Structure formats: structure tokens, C-alpha cells
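Here is a friendly briefing to read alongside the coordinates. Let's begin with charged pairs and work towards the fold as a whole.

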Amino acid sequence: MKLKPAALIALALVAAVMVVVRTDAPALADDGRYAAEIRRTEYGIPHISAKDYGGLGFGYGYAFAQDNLCVLASWVVTLRGERSRYFGPQAKSDDPVRPVANLVSDVYYKSVADTGAVPRLLARRSPLGPTDELRRLVDGYVAGYNRYLEQTGVANLPDPTCRGKAWVGPITATDLWNNLLDLSRMTGIAGMKEYVVGEAEAEGPERRPAAGSNAWALGRRATRDGHGMVLADPHFPWNGIRRFYQVQLTIPGVLDVSGGSLYGTPVVEIGHNATTAWTHTVSHAQRFTLYRLDLVDRTSYRVDGRTEPMGRQEVQVTLQDGTVVDHTLYTSRYGPVLAAGQTGKVAYALADANADNLRAADEWLAMARARNLTQLRAAQNTYQGMPFVHTLATDVGGSAYFADTSMVPHVTDAQAERCGKPSPIPGLEEYVLDGSTSACLWGRDRDAVVPGVFGPGGRPRLTRADYVANSNNTFWMTNPSAPLTGYPRAFGKARTDLEPRPRVSLDMIAQRLSGADGLGAPGFTLETLQASVQGKRNHTFELMRPDLPKLCRDSTLTTSGGKPVDVREACRTLLKWNGRATLDGQGAILWREFFERLGQPTKPGEPVYSPWRVPFDPARPLATPRGLKSDDPVVRRALADAVAAFQAGGIPLTLTPGQAQRYSSIPIPGCTEGEGCFDRVRMRGILGADGRYPEVDTGSTFMMAVELTPAGPRTRTILTYSLSADPSSPHHTDQTVLFSRGQWVTERFTEAEIAADPKLRTSTVRG
């Protein structure tokens with residue numbers, strides 16, 4: 001492919017700012033060695049300290065490898081595009097968010113490597129490329145991981161998952177940088193692998209964010225003692241590389257941060273220091289757009305009447321028998337050309353706002369050093385790297401802060417209207433733009449560090465003295481007293497249905513501030529914050545319960561198949577239930593099975609049926625929708641069908657969450673997203689004939705309740721799936737047992753708190 005003059009100029013500019021970067025050789029500390037101290041407190045939680053960033057990364061990589069080496073080792077195979085070689089081309093990949101066939105995964109990740117995205121970004125100076133501090137952290141982390149592997153040996157690894165496996169070996173800094181880039185791309189191109197490679201299924205991708213979360217930042221007017229508080233409740237996968245690892249990272253006088261760090265990343269993504277705390281929720285803002293290409297032929301397209309050739313990638317993947325499979329991919333000025341949707345006249349390219357975003361880790365590192373909200377905002381404005389999340393934060397001064405600083409394509413409402421085109425993929429209709437004219441290119445804000453995205457001045461923000469909250473709703477109901485409106489639809493829509501989980505979140509805050517929740521005097525304390533968030537309220541049941549007696553006035557209802565069913569026992573169970581999905585909540589599972597049947601389409605292709613008696617009213621977003629259409633035949637059949645399913649399987653109608661929901665054989669409380677549960681769970685599958693769902697695979701992960709006092713932070717945490725994925729580890733399910741019981745861990749943050757732990761274990765690692 002011949003480069004145009006503009007492309008040659010761009011390459012020259014990159015060369016002009018290029019710095020020498022050794023991505024596979026760790027940079028050593030000043031004395032030529034790494035050194036770190038690892039102190040482990042209850043539940044194996046590591047507190048890592050070092051005199052410099054290289055040593056800190058070394059200690060972190062070593063500690064993480066002790067607990068979770070197999071997970072990262074498997075993911076490195078994925079990032080290198082080698083899963084087909086070791087596990088076969090048809091087996092599913094280890095992507096916990098959107099697993100695909102290994103061959104599809106390998107073609108995609110080989111193509112990422114072939115683009116040279118990571119070396120190109122490493123050649124740039126901060127903030128577009130990594131800072132020196134982050135580079136040293138990454139190099140140290142790799143060296144620490146490799147030192148543990150070298151000392152232990154593959155054949156002697158404690159985790160049977162990867163002990164003695166041929167696919168386990170040393171990792172490189174390139175692997176870690178690729179993981180950071182892939183994290184940024186998670187809700188964009190990395191979630192569209194099948195469409196890029198050409199193995200997509202017909203129903204279209206899941207367009208909702210793959211992960212969720214709840215988050216509150218409470219200001220001085222919402223807390224009993226006037227202190228700032230944060231609740232962190234991210235809902236990420238319970239297995240694989242997107243799990244959180246709990247850690248404290250300290251360089252005396254430079255950095256002291258504690259919190260949750262995603263596997264394979266050397267920074268804390270959700271956490272606190274002595275004076276500032278922050279968390280995130282997944283934003284529903286747009287991450288990418290499709291561009292419809294006006295084809296000249298199969299390998300070229302028109303822009304502004306001129307023909308542009310597509311780029312061509314020849315990707316080779318090695319299979320288990322040594323056979324090499326070739327795959328051809330095409331690229332455009334906008335991004336990769338999708339194999340899906342092509343005709344002789346048009347094709348579609350994917351433009352991802354996070355395609356070259358390696359800035360997130362530096363932003364988190366700078367946030368960890370921030371002493372107050374002013375410095376935290378400055379960190380976000382400097383790096384502008386949040387890939388797909390809102391930020392909620394507070395400081396010791398007691399202000400509460402919300403912002404959607406995530407990467408959002410700069411597409412105004414007018415441009416979306418003017419440039420909009422039909423989509424070839426179900427679920428992707430809203431942002432398909434005309435790629436035949438440069439008038440439809442993404443715009444640019446002067447305060448944006450990279451072109452094509454909205455700058456800090458154009459993003460939703462709110463600072464309050466009472467509170468800000470988000471449960472994956474759009475920005476507009478961050479605080480009902482101050483609705484946010486007037487932002488481009490690319491950030492999400494205002495005046496829309498909040499959905500039950502965000503509604504129950506705001507109701508929980510309102511009840512605590514008024515004292516109506518039965519937890520004592522109004523206002524939050526650390527203890528009432530913990531109690532509030534573990535209430536297990538099922539909000540759809542609360543909103544529909546007043547109409548249940550009317551639904552239950554007939555003792556017999558008819559199923560969809562015409563079979564009469566006695567519903568008297570079911571009605572007694574539901575009317576007796578307190579609406580909380582506790583381990584012993586008799587009626588919780590029956591309600592779920594009934595409620596989920598209400599949302600099924602009546603006929604293929606028809607819109608989902610709404611069971612709400614009072615529809616949504618944008619003028620009353622916290623009070624609508626509500627009620628149940630108890631006389632509607634659809635509702636009556638749904639209850640009959642649910643009861644019939646229980647009877648057919650011999651499952652008691654009083655089945656509880658503790659009986660139906662498990663993780664590693666441990667009962668798990670909570671209910672699902674659709675039911676309107678703040679502390680939600682998800683299982684990939686239906687209720688079995690044995691009265692069990694498949695294992696819980698998503699829900700609350702690293703929960704943190706922190707109060708920032710003038711004397712220092714007071715913090716309670718729980719890592720729901722525990723610290724180690726190694727089934728032989730004593731810390732494989734120890735915190736899971738606590739979570740099942742509704743208990744928390746008292747964090748040890750200060751030197752005195754750490755030293756006071758009677759179970760303290762200290763080791764020094766060098767390399």
C-alpha cells in the first residue's frame with residue numbers, strides 16, 4: 001500500500017518525537033537491582049513498599065504471581081494470539097467478558113500486534129505515551145512476576161490449573177502494555193472481534209456495557225460527622241483477567257494508595273489514599289462509530305470523490321498440529337473494515353475512541369497521588385484516559401464529585417442526524433456515519449489531548465456538598481436535585497427511564513438522609529453506609545407488590561400452553577416475602593422466575609412487553625414506572641408458567657437464594673439486574689431441575705466503604721471472590737465466606753494498623 005503525502009508527514013512527526021524504549025527488557029533501579037517489602041495481613045492482602053517505582057512494580061508483580069500466576073499466564077497466551085496452538089481453534093477463549101472461538105481471538109490479537117499500536121504509543125512522550133514512572137512500574141512488575149516463576153519453576157507451581165503446562169513462561173513488558181491497551185478497548189473494538197474477523201453471529205453484539213457497578217460519593221452534608229465518604233461497588237466478572245486484586249502500594253513520601261487493581265495492571269483503579277477516595281461505574285456513552293464506506297471495488301473506497309485503497313493485513317495463526325492458517329483483514333482511514341455487512345457497493349469500518357488509548361494507567365497513577373479533588377480533576381484533565389467509566393470521588397474536605405471523563409467520539413447531535421446511515425448489524429443503528437465525506441469525521445475540542453473526542457470542558461460534571469451517585473444510569477440523575485441536561489446524545493440520553501437498579505440506589509440514599517430506613521438518625525456513618533448497601537432490596541417487587549393481591553384473587557391461572565395451575569401456595573409465598581434477596585429469602589427465586597417471564601416478547605420481532613401499570617413519566621423519574629398490570633393475560637400467564645416450571649421440576653416454591661445461587665459451593669445472596677437489585681448477581685443460564693443456577697459469574701467484586709476523617713481514612717472492604725484464583729490457596733474463598741454472611745474486612749492502611757495484625761507476614765524480595 002503506497003502512503004499518501006499526509007501519511008508520510010505523520011510518520012515524520014512520530015519519528016521526530018520518538019524516544020528509545022526497550023519494551024522487553026526491565027529497567028533496573030539506580031543500584032542495578034529491584035527490592036521491595038511485601039507484608040501480608042488478614043486474608044493474604046499484600047501491602048507492598050519500595051523506595052522507587054521499579055521496586056514497587058517488582059514487589060507487586062511478585063506478590064500477584066504468588067496468588068494468580070495462572071490467570072495472567074493464560075491471558076498472555078491470548079494477547080499473543082497463541083490460544084489455537086495450545087488449546088485448539090474451536091475452544092472458547094478466556095475472555096471473561098465476551099469469549100469467542102480461539103481462532104477468532106488469535107486472528108484479532110495477531111492483527112493488533114501487526115498494527116504496531118503499542119510500540120508506536122511507547123515511542124511518544126507523556127501524556128500521549130507513558131510517563132517514566134509508569135514505564136518503571138511496568139518493567140518492575142514484569143521482572144517480579146518472572147522472578148517468582150523462575151524461583152518456583154513451572155513444574156512446581158501450586159496452582160494445578162497451569163502447573164507443568166507448556167504455555168506457561170516468562171512474560172514481557174509488551175505483554176503488560178498490550179493488556180492495558182486491551183482494557184481500554186474492552187467496550188469497543190475488543191468486544192467486536194467476531195465482526196472484524198468475520199465470524200460474527202447473526203443476532204448482533206450485546207450493546208449494553210459488559211460490566212456494571214454502583215458508586216456513591218457522599219459529601220459533608222450527607223454524612224453524620226461531615227466527612228467525605230465513598231462507596232465502591234464495581235460489578236465485573238468473577239473469573240479471569242478482569243477480576244480485581246486487593247493491594248496497597250507505597251513509596252514513602254511519594255505514593256500511598258490502597259484499593260482494587262485489575263489483574264495484570266500495576267496501578268490501583270478503585271481506591272483511596274490518606275485524603276482522597278474514588279471509584280468508577282461503566283458509562284453508557286458511545287465508544288465507537290461505524291463508517292459506511294462507498295466501495296469502488298473490494299479493496300478501495302471513495303472519500304470526497306477520491307479513491308482510497310484499503311490497507312491489507314495478512315495474519316498467520318499456528319494450530320496445535322503445527323498447521324498455519326492464513327487470514328486476510330482490511331483496514332481503512334477510520335479503522336478496521338468489518339467482514340460483516342459487506343456488499344458489492346458498501347462496507348463498514350469501525351472507529352474506536354480508545355484505539356490508541358494507553359493513557360488510563362497514568363491517569364490512575366496520578367489520581368492515586370492526588371491530595372484533594374482539585375488535584376484529582378487536574379490528573380484527569382492532563383491524561384484524559386478514562387476508557388469507558390464515570391468517576392465519583394470525594395476528599396477530606398467533604399465535597400462529592402461526578403464526571404464522565406471517558407473517551408467519547410466527538411459527534412454532535414446535528415452531525416449524527418446529518419451523517420447517519422442504516423446499520424447492517426442489529427443493535428448498532430444509532431451511530432453509523434457516512435464515510436464517503438470528510439464532513440462526517442469526528443470533530444475536535446481545543447482542550448482535548450487527542451483529536452476526535454470531547455474535551456474536559458464538554459463532558460458531564462457535577463460537584464455537590466451532599467452526594468452524587470451512579471448505577472450505570474446516564475448522567476442526568478446523578479443527583480435528582482440537580483439534573484444534568486444539554487449534553488450530546490453520544491454521552492447518553494437525558495430524561496429517560498432510570499431502570500430499577502439506579503432507582504433503588506437513589507431511594508436508598510434518600511431514605512438514609514431522612515432516617516426512614518430504620519437504621520437510626522438521618523445521615524451516613526461508616527456503619528450505616530455498610531448496612532445500607534447490603535440491604536438486598538428487590539425494587540421491582542417493592543414497586544409491584546401492591547397489585548399482587550389482585551393478581552392472586554383467582555386460585556387457578558392458565559399457562560401459555562393452556563394448562564390450569566393452582567397458584568395459591570405461590571401467592572402465599574410471595575405475599576409473605578419481605579422483598580429482600582437474603583440467603584433465606586423465601587419467595588426471592590419465585591419472584592425472579594415470574595418477573596423474567598414478564599419481559600419475554602409475545603411474538604418474534606415484537607417489542608418487549610411492558611408489565612408496568614403506570615408507565616414512565618420523565619417528569620416523575622423516581623416514581624415511575626410502577627405497579628403491575630395484574631389483570632393482563634400476559635401477567636397472569638407468566639405467574640402460571642413460573643409455578644408450572646417449579647412443579648414440573650419438583651422445586652419448592654419457597655426456594656431461596658442460598659439454595660439456588662453458589663460460587664465454589666458457597667451460597668451467594670442477591671438478585672439480578674432486571675429485578676432492580678442494588679447488590680446484583682448474574683448467572684449464565686437458567687434455573688436447573690435441581691433448583692440451582694449455574695455458578696455466579698458476575699456481581700459485586702471489590703466493595704469498599706471509606707470515610708475520610710482528619711485523623712485518616714476508616715475503611716471496610718470485601719473482595720467477594722477472594723484474593724486468589726488458585727484453588728489450593730488458603731485465600732481462594734476465605735473472603736467469599738465473609739461476603740456470603742454479609743461481613744466486611746477492616747482495612748489496615750497505616751503503619752500502626754498493619755503492624756498490629758497478629759497474622760502479619762513480612763518478606764523482602766530482590767531481583
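The chain holds 33 salt bridges, each defined as a side-chain nitrogen of Lys or Arg within 4 Å of a carboxyl oxygen of Asp or Glu. The model is predicted, so local features need pLDDT of at least 70 and side-chain atom pairs count only at pLDDT 80 or more, while totals for chains, interfaces and linings use all residues. Numbering starts from 1 along each chain as its sequence is written, and side-chain values use heavy atoms, with hydrogens and water left out.

**Salt bridges**

- Side chains of opposite charge can pair when their charged atoms come close.
- Arg512 and Asp517 form one of these bridges, with 2.7 Å between the closest N and O atoms. Arg512 is buried at 0% relative accessibility, whereas Asp517 is partly exposed at 23%. (Buried means under 20% relative accessible area, exposed over 50%, and partly exposed in between, using a 1.4 Å probe and protein chains only.)
- Arg714 bridges to Glu527, and their closest N and O atoms are 2.9 Å apart. This pair links distant parts of the chain, 187 residues apart: Arg714 belongs to strand E29 (residues 712-719) and Glu527 to helix H13 (residues 526-533). Helices (H or I, at least four residues) and strands (E, at least two) are DSSP runs, numbered from the N terminus.
- Both partners count as partly exposed, Arg714 at 31% relative accessibility and Glu527 at 42%.
- Glu542 forms a salt bridge with Arg537, the closest N and O atoms lying 2.8 Å apart. Here Glu542 is partly exposed at 30%, while Arg537 is buried at 11%.
- A network of salt bridges links Glu37, Arg39 and Glu751.

- The largest nonpolar core has 231 residues, and Leu69, Trp216 and Phe594 touch the most other members. Such a core is a set of buried Ala, Val, Leu, Ile, Met, Phe, Trp, Tyr and Cys residues joined through side-chain atoms within 4.5 Å.
- Helix H2 (residues 53-79) supplies the largest share of this core, with 17 residues.
- Which residues does Leu69 contact, leaving aside its neighbours within four places in sequence? They are Phe64, Tyr145, Tyr148, Leu149, Leu157, Cys162 and Val168, where contact means heavy atoms within 4.5 Å.
- Strand E3 (residues 212-218) pairs with E19 in the antiparallel sense over four bridges; pairing requires at least two DSSP bridges between the strands. Trp216 stands opposite Ala469 in E19.
- Strand E19 (residues 467-470) is covered on both faces, with Tyr467 and Ala469 buried on one side and Val468 and Asn470 buried on the other.

**Overall fold**

- The chain contains 21 helices and 31 strands.
- Its radius of gyration is 26 Å, close to the 27 Å that the globule rule gives for 767 residues, so the chain is as compact as a globular protein of that length. The radius is taken over C-alpha atoms, and the rule is 2.2 Å times the number of residues to the power 0.38.
- Of the 767 residues, 59% are buried.
- Among contacts between residues at least 6 apart in sequence, 68% join residues at least 24 apart.

**Confidence**

- Mean pLDDT (the predictor's confidence in each residue, from 0 to 100) is 93 for the chain, and 93% of residues reach 70 or more.
- Residues 1-30 have pLDDT below 50, with 33 contacts in the model beyond near neighbours in sequence.
- Residues 202-210 also have pLDDT below 50, with 23 such contacts.
- Where pLDDT is low, the predicted coordinates should not be read in detail.
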